[in-house]
Amino acid sequence: MAERFAAADGIDDGFVVVNVHNGPGEPNDPYYGPALSELGATAPGLAVLGYIDVDYGTRVVDEVLRDAEAWRRRYGVTGVMLDRFPSGDPGDAGSVRALEAVSRLRADGTTHIAGNPGTVPDPATAEALDVVCEFEGTASDYAAVSGSLSFRPGRWHLVHGCSPTELAGVRTTATGLGVDYLLVTDRVLPHPWNGFPEKEAS
C-alpha cells in the first residue's frame, strides 16, 4: 500500500495497487473478489487501483481499455495504475499512445489514474496523470536524492531493498522532498513488490 504523506487528487488515505496476473487476470477468480470486498469494508477511504502494463506505450490502446473494463466488471475497481509508463518526449510514439490511453480512460469514467515511469516524466505526462511514480530504486539510491524531484501534486516514490536501520532515513528524505505517497519494502530485485515486506519494521 502507498502510504499517504499529503493529500493529492482526491486520494486522501493512500491507495493500493491490485495485480491478479499482470493485470485483471481471468474471469471468475475465486480469491480476489472476496479479498477486495473485504478490503473495501475494512478500509473504505483507501483507493483501489487495478494494475495495467502499458509496456512503455507499445500496447494497443484498446487492449489497455479492455483491461480497465475487466477491472470494473469483475471487481468493481474503477481506478488504474499504468505500469511501465513512458517518460520521454510527448512526440515519441509510445508516449503519444500512452497519453491517448489516459484520455480515453478518463472518457470511460476511470476515477483515478496513476502512472509509473519510475523517473520524473516530461510535463505533459505529469499533467495527464493523477499520481506519478517519479522514483523507483533502492534505499541507498534514495539517500543520494537531493532537492525536490518535481513540484507537481500526486508524487509517488517506490523504495526497495530498505533495511530496518535505513527506514527512518528514507522517511526523512521523503518528507524533505514533499512526497505525497511512499511505499517502502525490504524486498529486493527482481521482484520487490511481489509480496509484503519480510521484516515488520519496513
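Modeller: A residue is called buried when its relative accessible area is under 20%, exposed when that value is over 50%, and partly exposed in between. Please keep in mind that this is a predicted model. Asp55, at a relative accessible area of 27%, is therefore partly exposed, and Asp55 is placed in the loop between strand E3 (47-53) and H2.

Biologist: What is the phi of Asp55, and where is Arg84 found?

Modeller: Most residues other than glycine have a negative phi. In Asp55, however, phi is near 50 degrees, a positive value in a residue other than glycine. Arg84, which is found in the loop between E4 and H3, likewise has a positive phi near 50 degrees, and with 30% relative accessibility Arg84 counts as partly exposed.

Biologist: Which residues are joined by a cis peptide bond?

Modeller: Most peptide bonds are trans. Here a cis bond joins Leu189 and Pro190, with omega at about 15 degrees, and Pro190 lies in the segment after strand E8 (181-184).

Biologist: How do the axes of H2 and H3 cross?

Modeller: The axes of helix H2 (residues 61-75) and helix H3 (residues 93-107) come within 9 Å and cross at roughly 40 degrees, so H2 and H3 are oblique to each other. H2 passes H3 in a right-handed crossing. On the H2 side the meeting residues are Val61, Asp62, Val64, Leu65 and Ala68, while H3 brings Arg97, Glu100, Ala101, Arg104 and Leu105; by class, this contact has 6 nonpolar, no polar and 4 charged residues.

Biologist: How many residues has the largest nonpolar core, and which have the most contacts inside it?

Modeller: In soluble globular proteins, nonpolar side chains tend to be buried together. The largest nonpolar core in this model has 23 residues, and those with the most contacts inside it are Leu82, Phe85 and Leu105. H2, strand E4 (79-83) and H3 each supply at least two residues of this core, and H2 gives the most, with 6 residues. Apart from this core lies another, of 13 residues, among them Phe135, Tyr142, Val159 and Leu177.

Biologist: Which residues does Phe85 touch?

Modeller: Leaving aside residues up to four places away in sequence, Phe85 touches Val54, Tyr56, Ala98, Leu99, Val102, Gly115, Asn116, Pro117, Thr125 and Leu129.

Definitions and conventions. Residues are numbered from 1 along each chain as its sequence is written. This is a predicted model: local features need pLDDT of at least 70, side-chain atom pairs count only at pLDDT 80 or more; totals for chains, interfaces and linings use all residues. Side-chain values use heavy atoms; hydrogens and water are left out. Axes are lines fitted to C-alpha atoms, for helices over the stretch in contact, and angles run from 0 to 180 degrees between N-to-C directions. Helices (H or I, at least four residues) and strands (E, at least two) are DSSP runs, numbered from the N terminus. Angles under 35 degrees count as roughly parallel, over 145 as roughly antiparallel, 65 to 115 as roughly perpendicular and the rest as oblique. A crossing is left-handed if the near helix is turned anticlockwise from the far one by less than a right angle, and right-handed if clockwise. Contact means heavy atoms within 4.5 Å. Ala, Val, Leu, Ile, Met, Phe, Trp, Tyr, Cys and Pro count as nonpolar, Asp, Glu, Lys and Arg as charged, and the others, Gly among them, as polar. A nonpolar core is a set of buried Ala, Val, Leu, Ile, Met, Phe, Trp, Tyr and Cys residues joined through side-chain atoms within 4.5 Å. Buried means under 20% relative accessible area, exposed over 50%, partly exposed in between (1.4 Å probe, protein chains only).
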